[in-house]
Amino acid sequence: MRAIGIILAGGDSPRMRDLTKKRATSAMPIAGGYRSIDFALSSMASSHISKVAVFTQYNSKSLNQHLNSSKWWDFGRKQGGLFVFTPTQTQNNSYWYRGTADAIAQNIDFLKESHEPYVVIASGDCVYKLDLNKVLEYHVQKNADITIVTKDLGERDDPSRFGVVSVDETGLVTEFEEKPIVTSKTTVSTGIYVVRRRQLIEMIERAGSEGGFDLVKDIFVRYRGLKKIYAYPMNSYWSNITTVDSYFKTNMDFLNRDIRDYFFAQYPTIASRIEDLPPAKYNAGSKVKNSLISSGCILNGEVTDSILFKEVYVGNNTVIRNSIILNDVYIGDNTYIENCIVESHDTIRANSNYVGNLDDIKVVLETNDRYVL
């Protein structure tokens, strides 16, 4: 493909509450055995983008570990590759990334030393599958300066969490507003953009000279009347996971067989880093209904309408309903959990009771000494 990829994965989301205290949003576990960033990486890989840069910053340890080998997404090749850029102090700069545009500006040599004419920019906190070749073809056909991939949310989500756009009959973006307080528009930016590489370099350097650090607010929104910005409508599944509720709903969507088949059975599939774990073990007395159970789990209790990530232990007479249990959690006997997200590496003591509600999912982060040395 005639493009390089950039994935913006350095951000934090306060609406994730305790879930992002020890990881970046792009590293959030999805569907039992994946990370949020896997979906952007897989879309780029399946679209034959062979050179991809990932910008990380906030709580990047687990994300960097996840990206320590490029082979899982087939970026381990002689030409191209997967590059992870973290903020670096130099003689000329001692800042952390002050925004998405500043992250690109601090690594502008990556763009200048590349030869591909186009750049595909995506965020690492969305779940989707997209043929980026079609987006690039649309971009060239429209002779666009910038192409934004958009999604009509309808009534599924709150559009004010995103950049909202208005589009005319030709696909030209007539209005573009980033995260308005109130809006009646339902068409939003998915955070996926196509732009010519040399033009991006020019806009980034100009924004930096004027104190602009945000890619959307200080560049794309600012240039909406000066550049030809077109919208490419996405008609397939897309979800942003930057709130506790949206993260919970996105994971629960994978209990739908059609959605699982779309991502994991229909080509191209989603790739991720593989861990060498034994299959889940279902002991006598365990019961599982409409749930995803990942490798390394040991079940003794009852699990209904839930997702258990890797290496979860469920004790005797324990009941888990409509909940997400993240990696490496020990749940003691006689415990009841419903409408909750249990943080990874937790130890839930026996006879515990955690119940949230569908309008306010409870995040369980139990303080314990299991990992104290």
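Predicted model: local features only at pLDDT ≥ 70, side-chain atom pairs only at ≥ 80, totals over all residues.
Val314 stands opposite Ile331 in β23.

A word on conventions. Residues are numbered from 1 along each chain as its sequence is written. Local features need pLDDT of at least 70, side-chain atom pairs count only at pLDDT 80 or more, and totals for chains, interfaces and linings use all residues, while side-chain values use heavy atoms, without hydrogens and water.

Turning to the whole protein, there are nine helices and 28 strands; these are DSSP runs, helices being H or I of at least four residues and strands E of at least two, numbered from the N terminus. Of the 373 residues, 54% are buried, meaning under 20% relative accessible area with a 1.4 Å probe, protein chains only.

Which residues of helix α8 are buried? They are Val244, Ser246, Tyr247, Phe248, Thr250, Asn251, Met252 and Asp253. Helix α8 (residues 244–253) is thus mostly covered, with eight of its ten residues buried.

Finally, contacts, defined as heavy atoms within 4.5 Å: among those in the protein with a separation of 6 or more, 58% join residues 24 or more positions apart. The C-alpha atoms fill a box of roughly 65 × 45 × 35 Å along the principal axes.

Methods:
Buried < 20%, exposed > 50% of the residue type's maximum accessible area, 1.4 Å probe, protein only. Pairing = 2+ DSSP bridges.
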